[in-house]
Amino acid sequence: MSKTLFAACLVTAATASAPALADGFARIDSEAEFRELALGHTLYLGDTTATVHDGGTMTVVFKGKEIAGTWEWQDGYFCRVLKSYSTKADCQLWEHDGTDFRITRDKGDGQGFVYTLEP
């Protein structure tokens, strides 16, 4: 096998084994990492904001209405319940790229969206 072909195979294998890093996002794996990156910051998505507070509470402003909620970290997922929106927990996969948070509902199988730390 030529050196060029071998190098191309290595690059392809490395890229295939780390798809989350290919677009700059890496999964937040632990509650400690989540707290360090997101806790207390206001996250923006258009006119929607979300702030995750210590003590398991959160505040979302959606279409001008403030919605209180609760959250907990379960098995690698951020699980939240918005009190006046839905009483069902939504466990979400959270990823971070240094600036933005990509959040995918239903443990990574649902709708995804990107929040930023700056409006």
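Tutor: A disulfide here is a pair of cysteine sulfur atoms within 2.5 Å. The model is predicted: local features need pLDDT of at least 70 and side-chain atom pairs pLDDT 80 or more, while totals for chains, interfaces and linings use all residues. Residues are numbered from 1 along each chain as its sequence is written, and side-chain values use heavy atoms, with hydrogens and water left out.

Student: Why are C79 and C91 called a disulfide?

Tutor: Their sulfur atoms are 2.0 Å apart, and the cut-off is within 2.5 Å, so the pair qualifies. A search of the whole structure finds one disulfide.

Student: What makes the disulfide of C79 and C91 right-handed or left-handed?

Tutor: The torsion about the S-S bond is about 110°, so the disulfide is right-handed.

Student: Which parts does the pair tie together?

Tutor: C79 is in strand β6 and C91 in strand β7, so parts 12 residues apart in sequence are tied together. Strands are DSSP runs of E, at least two residues long, numbered from the N terminus.

Student: How do you know whether C79 is buried or exposed?

Tutor: Buried means under 20% relative accessible area, exposed over 50%, and partly exposed in between, with a 1.4 Å probe and protein chains only. C79 has 5% relative accessibility, so C79 counts as buried. C91, at 14%, is buried as well.

Student: Why is strand β6 described as largely enclosed?

Tutor: Five of the six residues of β6 (residues 77-82) are buried, so the rest of the structure largely encloses this strand.

Student: How do you know which strands pair with β6?

Tutor: Pairing requires at least two bridges found by DSSP between two strands. Strand β5 (residues 65-74) has six bridges with β6, in the antiparallel sense. Strand β7 (residues 90-96) has three with β6, also antiparallel. F78 has W73 as a bridge partner and Q92 as its partner in β7.

Student: What lies between β5 and β6?

Tutor: Two residues separate these strands in a hairpin, and D75 in the turn has a positive phi of about 50°.

Student: What makes the lining of the largest pocket mostly nonpolar or mostly charged?

Tutor: Ala, Val, Leu, Ile, Met, Phe, Trp, Tyr, Cys and Pro count as nonpolar, Asp, Glu, Lys and Arg as charged, and the others, Gly among them, as polar. On that scheme the lining has 15 nonpolar, two polar and two charged residues, so it is mostly nonpolar.

Definitions and conventions. Helix = DSSP H or I, 4+ residues; strand = E, 2+ residues; numbered from the N terminus.
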